[in-house]
Amino acid sequence: MKPRERTVSGLLLVLFSVMLAAASEQELRRPVAMDKISSGDLFVLGLSGNLYRLRTQPGGMSLIGQTRLPNTSSPVDLTSAKLNGVEVLFVSYNTEKFGAVSSYSLDGKVNRTWWLRSGASGLDVDYVTQTLYVASSDSGEISSIDLKGGDGVPKHTASIRDAQKLGPLVLNVPRKMLYVADVESGNVYEVNLADGKTRLLVPKAGIPQAMLVLEDRNILLLADSVGRKIYSVQLGVANARPTVLAALPPFRSPSGLARLARDQIAVSDDATGKIFVLALDGKLL
């Protein structure tokens with residue numbers, strides 16, 4: 001979710017088949033998060049630690065790479081960033097004792113690992129300051145990691161008071177705002193990175209399993225896995241309320257969001273193992 005436009009203009013729905021390299025067509029295995037790199041390829045993280053690399057082609061997507069990530073006992077979230085001209089993947093995950101974030105090359109090799117004091121959940125990268133932000137699943141804390149060569153120790157950035165279990169986290173880099181959701185209460189919070197102040201942005205949005213900021217439209221998208229809906233929230237306005245962007249019969253558990261093209265977003269479904277592509281009028285083509 002980094003140096004890429006996060007735009008949606010017109011909303012059409014297209015269901016893309018995912019064709020694996022083998023001759024037979026299969027489902028993705030439990031896609032829990034995804035992100036598109038600057039070259040256009042889509043990376044999808046499976047619950048077992050499988051990392052799929054997909055390429056959009058006329059009529060669908062093709063699998064061009066698949067690897068099993070090391071050191072991912074229980075993977076949670078995936079993001080990417082182009083740092084110093086090199087595309088890097090970041091994955092948050094939990095082991096039996098600790099949460100962690102590892103950076104990977106595009107072929108799945110570990111570059112570096114950062115250990116957290118508590119469980120890890122959502123993460124995102126400020127591609128301007130080269131700072132990684134990660135939420136704790138069990139402490140309500142948000143930490144930052146300096147990717148420019150700091151001491152490698154995660155620093156406290158903010159705490160969400162009353163948080164029960166933090167989940168997805170995304171940034172609006174131009175506005176210097178961070179958004180994090182509580183998957184237990186359904187609340188979505190806004191954190192001002194300039195002064196550290198937090199506020200409740202959206203109350204009780206089901207189970208917000210994934211979020212995506214469309215920076216040049218100033219919109220936050222939410223994937224509610226229990227309500228089987230994608231919501232849109234206009235940012236920067238008083239008392240903004242979510243509106244239903246898509247509620248499709250094929251949705252069973254929307255689990256990931258990524259910008260796919262200027263007028264398209266992709267939605268992964270954890271239960272069906274499929275990827276849906278949306279643009280602006282809500283029709284499933």
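Two strands count as paired if DSSP finds at least two bridges between them, strands being DSSP runs (E, at least two residues) numbered from the N terminus. This is a predicted model, in which local features need pLDDT of at least 70, side-chain atom pairs count only at pLDDT 80 or more, and totals for chains, interfaces and linings use all residues. Residues are numbered from 1 along each chain as its sequence is written, and side-chain values use heavy atoms, with hydrogens and water left out.

Q: Why are β16 and β17 called paired?
A: At least two bridges are required, and strand β16 (residues 177-182) and strand β17 (residues 188-192) have five, in the antiparallel sense, so the term applies. Methionine 177 stands opposite asparagine 192 in β17.

Q: What makes β15 and β18 edge strands?
A: The open sheet runs in the order β15-β16-β17-β18 with antiparallel pairing; β15 (166-172) and β18 (198-202) each have a single partner strand, so one side of each lacks a neighbour in the sheet.

Q: Why is strand β25 called mostly covered?
A: Buried means under 20% relative accessible area (1.4 Å probe, protein chains only), and four of the five residues of β25 (residues 274-278) are buried.

Methods. Buried means under 20% relative accessible area, exposed over 50%, partly exposed in between (1.4 Å probe, protein chains only).
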